[in-house]
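Please work through each task before consulting its solution.

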Amino acid sequence: MPVPQVAIVGRPNVGKSSLFNWLARRRLAIVDNFEGVTRDRMTTLIEADDRFFELVDTGGMGVEDPDDLTSDVRHQIDLAINSADVILLVVDVQTGLMPLDEEVVERLRGLERPVILVANKADQQHQDVHANEFQKLGRGRLVTVSTLQNRNRDELIQTIVDRLPDSEDDLVAPDAGMKVAIVGRRNVGKSTFVNTLAESDRMIVSEVAGTTRDSVDVRFEIDGQTFMAIDTPGLRKRKSIRTDLDYYGSHRAQRSIRRADVVLMFFDALEKTSRVDKQLVGYIMEHHKPVIFVVNKWDKVDKEVPTERWVKYLRHQFTTLSYAPIAFITGQTGRNVKALLNHAAMLYKQSQSRVSTGELNRIIRAAMDQHPPAMYQGRRPKIYYATQVSTEPPTVVVMCSDPKAITKDYQRYLVGWMRDHLPFGEVPIKMYMQQRSRAEAKAERSGQGRPYDQ
């Protein structure tokens with residue numbers, strides 16, 4: 001299972017970013033009394049009771065951005081809410097219940113996931129009673145906290161852990177089938193491809209761009225293996241989204257990507273890539289989904305254009321996805337379709353792979369022997385050990401002396417090395433650099449623990 005996500009939401013100035021920093025025990029998010037400081041989502045990894053979860057900070061709900069980015073801020077909040085396994089609804093004890101708090105609750109209405117009502121700024125114990133008025137919001141267990149006075153952090157962490165989804169893999173329905181999202185800009189042949197998979201006219205197929213308005217699930221079998229294809233509306237530029245149908249179609253396409261186990265990113269062999277393609281690939285990367293680049297309608301150019309030219313072109317256009325496989329198909333006739341689905345199943349298996357801590361540490365040690373990290377402030381940073389904490393995507397935590405000392409380039413090097421030497425060769429890998437605990441530092445000083453480079 002992927003690492004669960006816990007989203008922090010609420011109106012402006014209730015202390016969401018302070019809560020984020022407080023739970024992370026690090027100053028990561030900017031804290032300011034001016035509303036609207038937080039725009040993009042910010043995430044960090046939290047460990048508690050042998051469980052890991054991603055904490056996600058979001059912007060204030062209901063704020064009007066002075067730089068005309070209100071819709072972008074709302075979009076980021078929606079992404080965080082839709083991806084969350086647990087939601088922390090933050091309110092302010094000192095200002096009391098506000099109309100905007102009720103608007104936030106209305107946005108969460110209908111969500112089938114745990115909500116914890118976090119009453120912040122209860123700096124003194126006698127203020128806890130004032131938090132009871134928030135009970136009328138009717139959402140989740142109430143926990144009073146103070147980030148300023150460090151009150152009830154352990155209670156909040158335990159409440160979060162108790163509401164995380166069960167980590168047992170055997171709770172997943174065995175007959176669910178692999179979910180494959182078929183995405184791309186308009187008129188690249190997605191619905192025709194689905195018809196070929198289902199061996200019927202399950203979808204409306206038309207030369208008119210944008211025929212598919214909603215995401216549609218189609219189940220089918222190949223060689224006894226069950227798949228579910230999710231056909232999606234074709235995406236287009238944001239400034240071209242004029243109608244409600246286009247707006248909701250785009251959101252449903254994004255939701256389909258989040259639901260998918262593997263994404264098939266379609267391109268038209270007769271067309272160059274566009275800004276829409278890049279935005280869509282960026283969204284796939286943001287959600288760490290295994291992806292295959294699918295060049296469709298290949299029968300129309302295979303006599304004139306070698307596959308190597310398209311491979312080189314796509315690698316140049318999407319340099320950060322150099323590991324993604326590329327397939328050439330003709331959806332209308334079924335050419336190479338079965339091989340494409342078999343390869344998608346391989347990626348799904350890779351994303352579910354788990355390696356032992358011993359094997360992972362041997363690989364990390366070899367990577368460091370080949371290329372040690374660069375010096376930082378006169379010292380070479382130390383990496384102590386690594387462990388895989390989750391799958392889909394494979395997620396690795398690397399314990400080190402100082403996360404800031406491990407450069408982004410070196411982190412990319414380590415991820416690339418893991419991809420070359422572990423069964424994650426064609427799928428995204430999440431890696432977190434974490435600072436060792438005081439107990440681990442003490443163990444090292446006493447000779448019970450050794451970093452790799454000693």
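The structure shown is a predicted model.

**Exercise 1.** Identify the residue of strand 10 that is the bridge partner of V183, and describe the pairings of strand 7.

*Solution.* 
Step 1. The bridge partner of V183 in strand 10 is M265.
Step 2. Strand 10 comprises residues 262–268, and it pairs with strand 7 in the parallel sense over four bridges.
Step 3. Strand 7 is also joined to strand 9, residues 225–231, by five bridges, and these two strands run parallel. Within this pairing, A181 stands opposite I230 of strand 9.

**Exercise 2.** Determine how many of the residues of strand 7 are buried.

*Solution.* 
Step 1. Strand 7 spans residues 178–183.
Step 2. A residue counts as buried when its relative accessible area is under 20%.
Step 3. Five of the six residues of strand 7 are buried, and the strand is thus described as mostly covered.

**Exercise 3.** State the strand order of the open sheet of six strands, and explain why one side of strand 2 and of strand 6 has no neighbour in the sheet.

*Solution.* 
Step 1. The order is 2-3-1-4-5-6, and the pairing is mixed.
Step 2. Strand 2 (42–48) and strand 6 (141–144) are at the edges; each has a single partner strand, so one side of each lacks a neighbour in the sheet.
Step 3. On average, neighbouring strands of this sheet are turned by 25 degrees against each other, direction ignored.
Step 4. Strand 2 is joined to strand 3 (residues 51–57) by seven bridges, and the two run antiparallel. In this pairing, T44 stands opposite L55 of strand 3.
Step 5. Helix 4, residues 153–163, lies across strands of this sheet, including strand 1 (5–9) and strand 4 (86–92), and runs at about 155 degrees to strand 6.

**Exercise 4.** Classify the arrangement of helix 10 and helix 11, and state which residues make their contact.

*Solution.* 
Step 1. Two packed helices are described by the angle and the distance between their axes.
Step 2. The axes of helix 10 (residues 357–370) and helix 11 (residues 408–421) come within 10 Å and cross at roughly 125 degrees.
Step 3. Helix 10 and helix 11 are therefore oblique to each other, and their crossing is right-handed.
Step 4. Helix 10 contributes L360, I363, I364, A366, A367, M368 and Q370 to the contact, while helix 11 contributes Y410, Y413, L414, W417, M418 and H421.
Step 5. By class, this contact has eleven nonpolar residues, two polar residues and no charged residues.

Notes. Residues numbered from 1 in each chain as written. Predicted model: local features only at pLDDT ≥ 70, side-chain atom pairs only at ≥ 80, totals over all residues. Heavy atoms only, no water. Pairing = 2+ DSSP bridges. Axes fitted to C-alpha atoms, helices over the stretch in contact; angles between N-to-C directions. Contact = heavy atoms within 4.5 Å. Parallel < 35°, antiparallel > 145°, perpendicular 65-115°, else oblique. Left-handed = near helix turned anticlockwise from the far one by under 90°. Nonpolar A, V, L, I, M, F, W, Y, C, P; charged D, E, K, R; others polar. Buried < 20%, exposed > 50% of the residue type's maximum accessible area, 1.4 Å probe, protein only.
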